[in-house]
Structure formats: C-alpha cells, structure tokens
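Reader: I would like to learn how to read ring pairs and a sheet. Could you take me through them step by step?

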Amino acid sequence: MSETSGARPLRPGVFRFVAAPETWPQTTETQSRRETSLPNRPTSAVAARTIAAFAVAATVLAGGAKASPAPTVAHFTLANGLEVVVVPDRRAPVVTHMIWYKVGAADEPPGKSGIAHFLEHLMFKGTAKNPAGRFTQVVARIGGRENAFTGQDYTSYYQRVSREHLNTLMEFESDRMTGLALTDAAVVPELKVVLEEYNQRVANNPRARLVEQIDAALYLNHPYGKPVIGWRHEIEKLTREDALAFYRRFYAPNNAVLVVAGDVGADEVKAMAEVTYGKLAPVADIGPRHRPQEPPQVADRHVTFADPRVEQPSLQRSYLVPSAMTAKPGESEALDVLAFILGHGGTSRLHQTLVVDRKLAVATSGWYNSAALDATRLILYASPKPGVTLHRLERAIDALIHDIVANGITAQEVERAKNRLIADAIYAQDNQATMARWYGAALATGSTVEAVLGWPDRIRAVTTDAVQAAAKTWLDKRRSATGYLIRGPSQREDKRS
C-alpha cells in the first residue's frame, strides 16, 4: 500500500490524526492488497491521528495522569546498526512486529517513481530459503495478520501474532531483509498488479487525481511532489534490475528500525533479534538522505480536476509548512494546535464559519502532516452546499484565514485544542498496532523515542501568541496550492481571486 497525501499525518513527535472527510481519498501512503486479516487496516490518515494520540497518551500517563501506568519503552541498537524499540503491552498474549526501512518514495532515483512501492510488493516473492507464499501461509496458519505499506519517507512490513510465534516472524523477516530472490516470472506479473492498483486507487478516483495534482503544484522542486505509487508512465517501465538495485542499496539492518509491541519484554526481544537480524551484515554506502529542497514560494497555485463521475464538488488547499523535523522549537506544536482549531470537529473555525454561520458548506476539515523529513503540508478541505460555487467558498476561506492572522484566536480555543489533543491520545492507547506504528514512523522520519515522549509537554507549552504567529507566518496564500474538484469540464469555474 502507498501512503497518500489526502490523509492525516504521521508525525515524528506525535502522530496527530484528525480524520479527513470519509469521502476524501487516503493518498500519502500506499498499502498492499495482501492483508490476511486486518479488516480495518490503518490508512495514513487514520494511523496518523491515532498514532499522534497514542504518543500523547504514553507521556501523559507517564507524567502522572490517573490512568494505567505507561509502558517502559526500551530502545537499543544491535552491532550491525539495526535500531530496536520494544513497547510492552501485557493486556493480551499477542505481539505486533514491524520492520521499518528508512527509505520511501522521496528517495527514489529520478525517472523511477513508484520503485519503492513496487519493491514493497516484490518483497513477498520469496527467498532461496523461503519460496514465494510461505511467509504469508505461515502467518495465516498461526492465525496472524500481515501487510505492508510505503510512504514518502519509509516502507514498513508488519505482522500481528500470538506471542509464542514472535521468533518465527523474526526468522522470516530477517531472511527477506537481504535474501530476496527475484525472477522475471515473478516481477512482470506483479508489475501488472501494481498498475491495476494505480487504476483502482488513482486513475478511477477523481479525488485521488486531484490530490496528485495539488501535490505536484505545491512542491516545485522537492520529490514529495511525486505520488508515492508513482507516475504511471514511469511505473510501466520499472524492471527487475531497478527493483534489485533499490533493494540492495537501501534494505539493510543499518537502515531499518524493528518495533515490537505486545506481551514481551526487552530482554526477550533482544535475544531473538540478536540471533535473527543480528547475523546480517550492514550496508556501507547508504549515505545521508539529502533531497532537493523548495525554493522561496512567491505565487499561489490553482488546479482544477473535472470528471463526470464527481458526485460532490470539493476544495482542498495545501500550505507548505515546516515538519516536526524542520520546524524551529515549538513551531510544529503550534501548527498542530492551529490545524486542530481550524479544522477538527464541530467547534472548529472552518465548521462554525462555513457550515453553521454562513451555510456555505456541508463538510469541512483541516489537518497537519507533521511527520516528514522535509517541508510538509497543512491542509484545509471544504465541500460546498448545493448552489454555492467553489470560488465563493474559497473567498470565504480566505476571509477566515485573514481574520485569524489579523485578530488571532482566543485563549479558550487554544486550551480546548490542547486538551482535546491530549484526551484523544489517552483513548488511542488501547491499540497495540498503533503503539508499534507510532514509534516506527517516528524513528524512520528522523525523530527519537525521547522526542516522541516529550510531545505532550510541548503541546501543553503552546501559547496563544505562538499559534497566531504560526498563522501569520505560514498561512500565506503564496505558499499554497488550491484544488477544485468538479463534475465535468462544462462546470469549470473561474478561480481568479
């Protein structure tokens, strides 16, 4: 699967996950289709918000909230460079095992878009020791669940099984970390599968097509402007040699993070990891992750996607903003709070202004994708009431943003947002897979366990002035790309403001 940009963030500090409208496509993460028994697999939006929430929860509880004590998270590194995180969860005799590679779509060679996601598919084609299908069959036979997903900054493979089978997972996963065996007989049919996935998730989904165009317009130079799943004309030309070159360069213990959450202790995990992953040799030439960066943004951009299948017009605006990794101290957290105030729930500014007061929209949302190595997005979404043009809706959003920049937000709004962020986190702690995903995505995007656990305190420290400063600095329309989704070319609207 590929993570996609219409969805919520996975953030290194916390994975705040405010859901986008249910009809909006999840387009920053691409998940594979081989799920054995995860009916509600985490999309990038769902996982993002849940993860953020759990991140808060862990620290909130550790900080003395009157709930169950937070687990003691262990973090260590094997001699070959593999990072390991262990999150004890003794509520049920099950474990979630995730391996995260610090490579994603933004790390692809020019002209090879989609290779990270294609390799994710090919990782299920077997090794000399374990032929294609055996790993999946074993997971299914022992009643487990498995899948994989690709994002801009990482690729992850995960399973959930009863605790006594953890060592089996490590044996299989460590085997394919360096032992993947590919033939043209396996690669060519899988490329057709990926192209069909593109057809289903993007080509036949008008909203996904719009998001694809918004990202391409927003990022003038950075590879985040490419779709995770890739551009179709480049996917079509991917080969076995391309996949093996990418695999041999990036798939290694010293470019990976192992996360185990569940009914297991750090000493147990370390012992198993040493005899499975620990025997693998590191790769010497992975190198730092340097990507082309964005130039100063001096003009707002507009795109329109028209399709006869569109049932409900909508508008999405993406602002280019700092991620948790690129922001100044406190700036990312202020953007978290700002995005919550703008677009989360019935008390948000967007909902109250556009839906309740002015009756221009039937749905609104807003979110901030903070988990990224480089500059990221703060996204606003709205769908108009019948008879309201997207141009009119956009003018109303512009007026709302201008009011916040000029007059600020209230202390009550800030406190409510901070309290809700922390409360949501506490409720999110019940999902074991969320724990594993939270830490894995954090470390894979350059953060640390300590930074993640410190996020709630940083949220508590956000002030009203900091939120207004973030709005003034980053909600500049010249730093944005706005997309219209409309039904049919004949309804194209004049978007000039």
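Author: Start with the rings. Rings of Phe, Tyr and Trp (its six-membered ring) pair if their centres lie within 6.5 Å; planes under 30 degrees apart count as stacked, over 60 as edge-to-face and the rest as tilted. By this rule the count comes to 13 aromatic pairs. This is a predicted model: local features need pLDDT of at least 70, side-chain atom pairs count only at pLDDT 80 or more, and totals for chains, interfaces and linings use all residues. Residues are numbered from 1 along each chain as its sequence is written, and side-chain values use heavy atoms, with hydrogens and water left out.

Reader: Why is the pair of Tyr101 and Tyr157 edge-to-face?

Author: Their ring centres are 6.0 Å apart and the planes stand at 80 degrees, so the pair is edge-to-face. Helices (H or I, at least four residues) and strands (E, at least two) are DSSP runs, numbered from the N terminus. Tyr101 lies in strand E5 (residues 94–101) and Tyr157 in strand E7 (residues 155–162), so the pair ties together parts 56 residues apart in sequence.

Reader: How does the pair of Tyr101 and Tyr251 count?

Author: That aromatic pair is stacked, at 4.0 Å centre to centre with 25 degrees between the planes. Tyr251 sits in the loop between helix H8 (240–250) and strand E8 (256–262), 150 residues from Tyr101.

Reader: Is Tyr101 buried or exposed?

Author: Buried means under 20% relative accessible area, exposed over 50%, partly exposed in between (1.4 Å probe, protein chains only). Tyr101 has 0% relative accessibility, so Tyr101 counts as buried. Tyr251, at 3%, is buried too.

Reader: Which residues do ring pairs link into a cluster?

Author: Tyr101, Phe124, Tyr157, Tyr247 and Tyr251. A charge can also sit over a ring: NZ of Lys or CZ of Arg is then within 6 Å of the ring centre and within 35 degrees of the ring normal. The charged end of Arg176 does this over Phe124, 4.6 Å from the ring centre.

Reader: Now the sheet. In what order do its strands run?

Author: Two strands pair if DSSP finds at least two bridges between them. Here 5 strands form an open sheet, ordered E9-E13-E10-E12-E11, with mixed pairing. Strands E9 (301–306) and E11 (361–369) are at the edges, each with a single partner strand, so one side of each lacks a neighbour in the sheet.

Reader: How many bridges join E11 to E12?

Author: There are 8, and E11 and E12 (residues 376–384) run antiparallel. Gly366 stands opposite Leu380 in E12.
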